[in-house]
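Thanks for coming. I have one model to go through today, so let me put it up and then talk through some parts of it.

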Amino acid sequence: MKSALSCVVKGMSMGVRRVVDQSVGVPPLPPESFAEFYQRECPRQVRRATLILGSAEAAHDAVHDAFVAVFRRWDDLSVAGPYLERAVLNRCRDVGRRGLVARRKTPRPAADVAEIDTPLYDALATLPFSQRAAVVLRYYHQLTEVEIAELLHCRPGSVGPWIQRGLRRLRKELT
Amino acid sequence: MNDLADQLPEGRLSNLLREAAERVGVRPDIGAVVDETTVYPRLIERPNVHRVPSIVFLATASAAALAVGLAVVVPTVRDRSVDPGVQPAEVDPTYRNHTDVYPLLTDTPAWAGDLTANVLRASGATQRRLLALVARRGQDSLKAPIIISSGEPTTLDVADGESLGDVAGYPAFLFGDAGALRTVLVTDADGAVLLALSGLAEPDVLVAVLEAVTVHESDSAPTFTIGELPAGLDVVVEPTVQPRAVDSFGIATSADATADGTLAIEVVTDLSDLRFYSSRDGAPDLRSIFIGGTGEQLTAWYTMPTADSVVLAWKLDPGIALVLTATRDGITPSEAIRIASDVVLTDQATWSDAYDAAAIIAATEASD
């Protein structure tokens with residue numbers, strides 16, 4: 001259940017829908033189209049999801065499904081960025097849940113991720129989803145604990161332990 | 001700095017992640033998104049399976065009644081009346097919503113590293129919310145408490161949940177993994193969330209509890225009552241209207257710190273019972289402990305979600321609850337209580353000086 005208190009989010013890509021306001025004198029910004037939003041958000045979402053899932057193919061699928069959900073609600077979303085962020089992470093969580101066993105049994109497809117990064121992805125794969133996501137959001141996206149808590153639907157106090165445990169495990173796996 | 005930090009500095013990890021991400025080949029395909037949405041829509045909206053039988057039943061019953069000239073009485077599995085006749089407990093009128101208190105730790109343990117300031121926004125939790133708590137009563141603890149709530153904001157999307165079909169006449173969706181916090185969301189026919197149940201419980205237990213709950217839909221906000229629970233489960237806190245949330249402040253170990261553990265202390269003012277705070281992130285068991293003071297301050301509630309973490313909720317002043325989350329190898333409830341005894345409430349200026357919180361305060365004021 002989501003905490004009754006949600007956290008301040010700053011510095012995050014908000015995907016604000018710019019609405020034409022006829023009441024002001026300055027020329028309004030044109031509303032952002034879905035195409036513009038997609039073009040801007042797709043690469044970063046795919047890259048982040050790949051780090052979390054350890055598979056570019058799975059990441060493309062998760063991001064695609066999230067964009068489908070956003071597109072369906074585009075007219076109702078005044079701010080689409082946070083919705084997309086959470087949708088991608090939720091789908092990554094689901095993909096991870098379904099795919100962990102399969103991944104252990106099946107070799108990584110050739111060229112799914114760059115070969116030189118395989119040790120990093122293998123190390124990340126040893127972390128539970130919450131730790132993996134928190135580490136990627138902190139050290140790849142440079143988000144604060146409060147921002148991470150908002151995205152992962154938890155209290156800020158939970159994020160620190162996840163990151164710390166995740167770092168310990170990564171250090172063990174990578175050194 | 002500990003030894004581990006030398007083996008993989010955080011800056012190095014950032015570089016590794018960034019370099020790996022830059023090597024990911026991205027294949028944008030907006031056409032597939034639009035096509036899939038407009039031509040081949042996925043089943044985002046769940047089928048309203050409980051409505052069909054009701055309509056069929058109503059039509060059948062009406063036809064039968066017309067045939068025999070009798071009034072139609074349609075039985076319902078669940079009471080969906082606007083006024084259930086049972087009013088939940090309201091907020092204690094003496095409860096104070098504090099917006100001007102800040103936690104200060106007078107003696108920070110070295111293992112917790114540097115503490116930084118943060119703010120918890122009340123956004124979304126300002127409407128009428130109803131919470132209840134059910135659990136098995138152990139000899140000296142509450143086992144795997146389950147929070148039942150209506151009106152509580154959630155970021156969970158039913159499209160991401162596992163459909164449980166209809167439970168007691170409502171579409172229900174399951175979230176969470178085995179051994180972790182699980183949540184069941186119950187929606188109305190339009191997909192709006194009516195009810196949420198969450199706890200460290202198996203899905204069948206959550207469903208059994210849900211079947212004992214009667215939802216009362218209304219024009220304003222849904223409420224609920226709890227009937228006969230499965231054997232062994234008791235209502236610990238009756239459905240109670242919760243105080244309106246306000247922004248509040250906390251301190252926590254910085255994620256950048258290479259400390260031996262983490263510590264977070266948050267002022268919380270939006271829930272009526274300490275046991276909600278101690279169990280909302282999942283509690284295997286919940287224990288009370290004497291911590292001194294007078295009146296409401298006498299009892300704190302704690303849980304150890306894992307072997308190396310403690311969550312402790314207590315009241316420092318009537319109406320002001322605090323939650324401490326400590327994670328460290330070998331941490332004990334006693335150690336958490338000792339840290340809690342070093343927490344004092346202070347004013348904004350002192351807090352800002354202690355935790356360099358000027359930027360946090362400015363951001364909060366700017367967003368108000």
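**Chain A and its interface with chain B**

I will start with one residue, A:Cys92, which sits in helix H3 of chain A. Please keep in mind that this is a predicted model. Is A:Cys92 buried or exposed? Its relative accessible area is 1%, and the cut-off for buried is under 20%, so A:Cys92 counts as buried. Setting aside neighbours within four places in sequence, A:Cys92 is in contact with A:Ala49, A:Ile52, A:Leu53, A:Ala62 and A:Phe129. As for A:Ala66, it is 26 residues from A:Cys92 in sequence, and the C-alpha to C-alpha separation is 9.9 Å.

Now chain A as a whole. It has seven helices and one strand, and along the sequence the pattern reads β-α-α-α-α-α-α-α. Chain A has 175 residues, and 58% of them are buried. Take the contacts in chain A between residues at least 6 apart in sequence: 68% of these join residues at least 24 apart.

In soluble globular proteins, nonpolar side chains tend to be buried together. Here the largest nonpolar core has 60 residues, and the members touching the most other members are A:Phe67, A:Val70 and A:Leu152. Which elements give two or more residues to this core? From chain A they are H1, H2, H3, H4, H5, H6 and H7, and from chain B there is helix H2, residues 10–22. H2(A) provides the largest share, ten residues.

To look at one of those members, A:Val70 is in contact with A:Phe34, A:Phe37, A:Leu77, A:Ala80, A:Tyr83 and A:Leu84, again leaving aside neighbours within four places in sequence. There is also a second, separate core, with 34 residues, including B:Ile265, B:Ile320, B:Ala326 and B:Ile331.

A:Arg48 is in helix H1, which covers residues 34–53. Its relative accessibility is 0%, so A:Arg48 counts as buried. What does the side chain of A:Arg48 make a polar contact with? The partner is the side chain of A:Glu85, at 2.7 Å. Beyond its neighbours within four places in sequence, A:Arg48 is in contact with A:Glu85, A:Leu89, A:Val136, A:Leu137, A:Tyr140, A:His141 and A:Leu151.

That leaves the interface. On the chain A side 63 residues are in contact with chain B, and on the chain B side the number is 80. The area buried between the two chains is about 6300 Å², with 57% of that from carbon and sulfur atoms.

How many salt bridges does the rule find across the interface of chain A and chain B? There are three. A salt bridge joins the side chains of A:Arg165 and B:Asp308, at 2.5 Å from N to O.

Several elements of chain A supply at least two residues each to the side that touches chain B, among them strand S1 (6–7), helix H3 (81–105) and helix H7 (156–174). H7(A) gives the largest share of that side, 13 residues. Sorted by class, the side of chain A that touches chain B has 33 nonpolar, 13 polar and 17 charged residues.

That is what I have; I will take questions now.

Methods: Residues numbered from 1 in each chain as written. Chains lettered and ligands numbered in written order. Predicted model: local features only at pLDDT ≥ 70, side-chain atom pairs only at ≥ 80, totals over all residues. Heavy atoms only, no water. Helix = DSSP H or I, 4+ residues; strand = E, 2+ residues; numbered from the N terminus. Buried < 20%, exposed > 50% of the residue type's maximum accessible area, 1.4 Å probe, protein only. Polar contact = N/O pair within 3.5 Å; in protein donor to acceptor, adjacent residues only side chain to side chain. Contact = heavy atoms within 4.5 Å. Buried area = accessible area lost by both parts, 1.4 Å probe. Salt bridge = Lys/Arg side-chain N within 4 Å of Asp/Glu carboxyl O. Nonpolar A, V, L, I, M, F, W, Y, C, P; charged D, E, K, R; others polar. Core = buried A, V, L, I, M, F, W, Y, C linked by side-chain atoms within 4.5 Å.
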